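Here is a short report on selected features of one protein. Please keep the sequence and structure open while you read.

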Amino acid sequence: AVSVAPLGTELPTDALTELSLEFSNLGYISEDGLTNENSPETENIKAWGGDVVLVTQTDKEDTFGFKLIEALNVAVLKFIYGADNVSGDIDTGIKVKANAKELEPVSIVVDMVVQSALKRIVIPNAKITEVAEIEYKDDDAVGYDVTVQAVPNTDGDTHEEYIIMANAQEGESTE
């Protein structure tokens with residue numbers, strides 16, 4: 001599950017705590033799942049003669065990618081187009097305005113099961129940096145393939161991960 005909330009919403013600090021009501025579930029993502037690129041970029045400093053004498057880190061972006069495939073979900077539309085650009089609901093009619101207004105940063109929580117453990121990724125400050133071309137085809141679900149940039153907090157952390165055995169939610173020992 002991928003959930004989104006306005007920046008500043010109280011965030012969970014473990015894998016089990018229920019999310020606050022400010023979070024909206026973005027529904028199904030495609031079978032490709034979630035990707036996280038969190039690899040440092042480095043530069044080799046060479047001495048005369050070509051020996052590498054120092055490796056320095058020049059950048060370390062933390063990005064996440066996923067494809068939202070619930071194109072009629074108002075929470076998805078607000079995430080993609082901005083909350084002020086989407087109104088209504090599917091029963092009364094949805095209006096979406098596409099424009100050049102900058103999207104507001106949000107908080108994102110991703111919950112998943114990894115083998116027999118629960119894993120939660122908390123991205124306190126995330127900003128959409130790319131929305132891939134939207135395809136309307138008969139043989140595929142309409143989806144929004146997005147990349148979000150995790151922005152560092154005051155401690156320099158871009159995201160946090162919490163992992164616990166699935167049976168721990170029932171109060172059983174994890175030892």
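## Nonpolar surface patch

In this predicted model, Ile45, Val53 and Leu54 form a nonpolar patch on the surface. Together they have about 250 Å² of accessible area.

Leucine 54 belongs to strand β5, residues 52-59. Its relative accessible area is 44%. Leucine 54 therefore counts as partly exposed, since that class lies between 20% and 50%.

## Histidine 159

Histidine 159 sits in the loop between β11 (144-150) and β12 (160-165). Is histidine 159 buried or exposed? Histidine 159 is buried, because its relative accessible area is 15% and the cut-off for buried is under 20%.

One is that of aspartate 62, at 2.5 Å. Another is that of glutamate 161, at 2.8 Å.

Leave aside the neighbours within four places in sequence, and histidine 159 is in contact with Asn36, Asn38, Asp62, Phe64, Ile121, Val122, Ile123 and Pro124.

Strand β11 is mostly covered. Five of its seven residues are buried.

Strand β6 (residues 63-68) pairs with β11 in the antiparallel sense, over six bridges. Here phenylalanine 64 has valine 148 of β11 as its bridge partner. Phenylalanine 64 is also among the contacts of histidine 159.

Strand β10 (residues 117-131) also runs antiparallel to β11, and five bridges join the two. Valine 131 has valine 146 of β11 as its bridge partner.

Note on methods:
Residues are numbered from 1 along each chain as its sequence is written. This is a predicted model: local features need pLDDT of at least 70, side-chain atom pairs count only at pLDDT 80 or more; totals for chains, interfaces and linings use all residues. Side-chain values use heavy atoms; hydrogens and water are left out. Patches are made of residues with over 30% relative accessible area and no salt bridge: like charges are joined within 9 Å, nonpolar side chains (Val, Leu, Ile, Met, Phe, Trp, Tyr) within 5 Å. Accessible areas come from the Shrake-Rupley method with a 1.4 Å probe; for residues, only the protein chains shown count as cover. A salt bridge is a side-chain nitrogen of Lys or Arg within 4 Å of a carboxyl oxygen of Asp or Glu. Helices (H or I, at least four residues) and strands (E, at least two) are DSSP runs, numbered from the N terminus. Buried means under 20% relative accessible area, exposed over 50%, partly exposed in between (1.4 Å probe, protein chains only). A polar contact is a pair of N or O atoms within 3.5 Å; within protein, one must be able to donate a hydrogen and the other to accept it, and residues adjacent in sequence count only if both atoms are side-chain atoms. Contact means heavy atoms within 4.5 Å. Two strands pair if DSSP finds at least two bridges between them.
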